[in-house]
Amino acid sequence: MTELALLSKVTLQRSLAVAVTFGLLVLVFELVRRKRLAERYAILWLLAATTLFVLAAWKGLLTSLSDDVGISYPPSALFAVAIGLIAIILLHFSLAVSRLSDQNKVLAQRLGLLQQRVEEVEAEHAHSAELPFRQRGPVAAPSPADAKDVGEREPLSPVAQELSSRR
Amino acid sequence: MRSHLAIVPAFNEVEAIASTISAIYEAAPDFDVLVVDDGSTDDTAARAATAGAAVLRMPFNLGIGGAMQGGYVYALERGYQVAVQVDGDGQHDPRHIHDLLARLRSDPQLNMVTGSRFLDPTGKGYRSSATRRLGIRIFSGVVSLITRQRVTDPTSGFRMTSRRGIELFAHDYPHDYPEVEAILLMHAHRLRSCEIPVQMRPRLTGQSVISSSQSVYYMVKVLLAVFVGLFRRRPTMDAGEPAAVSAEPAL
C-alpha cells in the first residue's frame, strides 16, 4: 500500500518535470518564432531545456547518473543539473549585458559628439549668411537653448519612424 | 546622384579597401560606392573616404548583418534603385557587377541576383577547406528544399537587390551570418531571387568573418533560424504590391 503510494508520487513528480521542461522548450521556440527572442540567446535555453527534458523523461538515465555521483534521491540530481545550466545561462547573459552597456556608452558618446558637431556647423552656417545673426528673425536665428531643443526634437525621417515603430 | 549603389562592408581592411573601391569605380562607373566601416580599429574609414567613397562609420563592431543593414537603410533613404554588396577584402570581382545588373534587369520579377562560386562554366570551382564546403553544401540543400529552386551558393555575399529588396532588407535583416537567412527572407516575402556564375578571388587581406571556433555556432544558429522560420506565417502582402508569383501553400 505504501509502496504503491510512493510509486504514484514518484510518477506524478516525473510527469510534472516532463511537462514543465517540455513547456519551457515550447515557450522558447514560440518566442523565437515570434522574433521576440533572438536565435543567439535562444540556443543556450534550448540546450538547457532539451537536457532537462531528456533527464526528466528518461528515468533510467537520471537514476544511474545520480547513483554515479552519489545522490540518493534522483530528483535532486535533476535540480543540480538545472542549477548548473541556469548558472551558465546567467553568466552568458551577464556577458551580453556587459557588452551592451559598453556599446550603449559608446553610442551615447558618439551621439553627443555628433550633436555638438551639428550645432557647430549650424552656427557656422548662420554666421556665414549675409545678414547679421539677429536680423534674420526668430525662426532663422534660434537662441542656443532653442538650438538644443531642435537637436533633441528633430523629427524622425519616415524610415526611422517606421523602423522605431516596428521595434 | 546615381541610382545604383555598391555597399562595401569592411572591418579592418586597410590594405585592400582603396583598391577595392577604385576597382568598383573602374568596372562600374555608374555605381556610387558606400563603405560601411564596421568599427574598424585601423585606418579603413579614412582610406575609403580618400578613395572617394561615402563612408558609414559604425561606432563599434556590429557584425556583418548589422553593418549591411546600415547600408540598406542608407540606400533606402537616398532613394537608390539597385544595391549590390561587394566585400571590402577584394574577394568579389567588380567586373561581375554588370553581369548581376544585366540579370536583374532581364526579368522584372527578379528582386535579387547572387553571384555563385559554384556555377562557373569553365569548371574552375572555388577552392576552400573541406569543412567549409560541407557546410555550404548543407545550407545549399536546405535552402534549395525550402525555396524549391536550386541554390548553389547560399553563403555568397556578392549579391544585388532591386528597390523592393532594399526596402525589405532595410526593415528586416538577420543580425549575424545573414546570407543564408536573407535568401529565405526573400522567399518568405514572395520575392524572387536567382544566381549567376561568378569567379571569386582569394581574399587580399584580413581574415574570414568566420573562424573555425565560430563555425559550429554559425551552423547551429543558422539552422535553428531556418528551422524556426519554417513555422512562421509568410507575411501577407502590403497593398499595392505585385501579386504573388504562384499560390504556394504556406510553409
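Strand 1 (residues 4-10) and strand 4 (residues 82-85) of chain B run parallel and are joined by four bridges; strands count as paired when DSSP finds at least two bridges between them. Within that pairing, His4(B) sits opposite Val82(B) of strand 4. Helices and strands here are DSSP runs (H or I of at least four residues for helices, E of at least two for strands), numbered from the N terminus.

Before going further, some housekeeping. This is a predicted model, where local features need pLDDT of at least 70 and side-chain atom pairs count only at pLDDT 80 or more, while totals for chains, interfaces and linings use all residues. Residues are numbered from 1 along each chain as its sequence is written, and chains are lettered from A and ligands numbered from 1 in the order in which they are written.

**The sheet of chain B**

Contact means C-beta atoms, placed from the backbone, within 7 Å. Axes are lines fitted to C-alpha atoms, for helices over the stretch in contact, and angles run from 0 to 180 degrees between N-to-C directions.

| Strand pair (chain B) | Sense | Bridges | A facing pair |
|---|---|---|---|
| Strand 1 (residues 4-10) and strand 4 (residues 82-85) | parallel | four | His4(B) and Val82(B) |
| Strand 2 (residues 31-37) and strand 3 (residues 54-57) | parallel | four | Leu34(B) and Ala54(B) |

To get from strand 2 to strand 3, chain B passes through helix 2 (residues 44-50), making a right-handed β-α-β crossover. Right-handed means that, with the strands pointing away from the viewer, the path from the first strand over the helix to the second runs clockwise.

**Two helices side by side in chain B**

The axes of helix 5 (residues 130-147) and helix 7 (residues 178-188) of chain B come within 10 Å and cross at roughly 5 degrees. That makes helix 5 of chain B roughly parallel to helix 7 of chain B, a label for angles under 35 degrees. Helix 5 brings Phe139(B), Val143(B), Ile146(B) and Thr147(B) to the contact, and helix 7 brings Val180(B), Ile183(B), Leu184(B) and His187(B). These residues divide into six nonpolar, two polar and no charged. Nonpolar covers Ala, Val, Leu, Ile, Met, Phe, Trp, Tyr, Cys and Pro, charged covers Asp, Glu, Lys and Arg, and the others, Gly among them, are polar.

Chain A has seven helices and zero strands. Of its 167 residues, 10% count as buried, meaning 20 or more other C-beta atoms lie within 10 Å of the residue's own. Leaving aside neighbours within four places in sequence, Leu52(A) contacts Thr21(A), Val81(A) and Ala82(A).

As for the interface, 16 residues of chain A are in contact with 16 residues of chain B. Helix 1 (2-33), helix 2 (39-57), helix 4 (74-128) and helix 7 (158-166) of chain A each supply at least two residues of the chain A side. That side divides into nine nonpolar, two polar and five charged residues.

Technical notes. Contact = placed C-beta atoms within 7 Å. Parallel < 35°, antiparallel > 145°, perpendicular 65-115°, else oblique. Buried ≥ 20, exposed ≤ 12 C-beta atoms within 10 Å, placed from the backbone.
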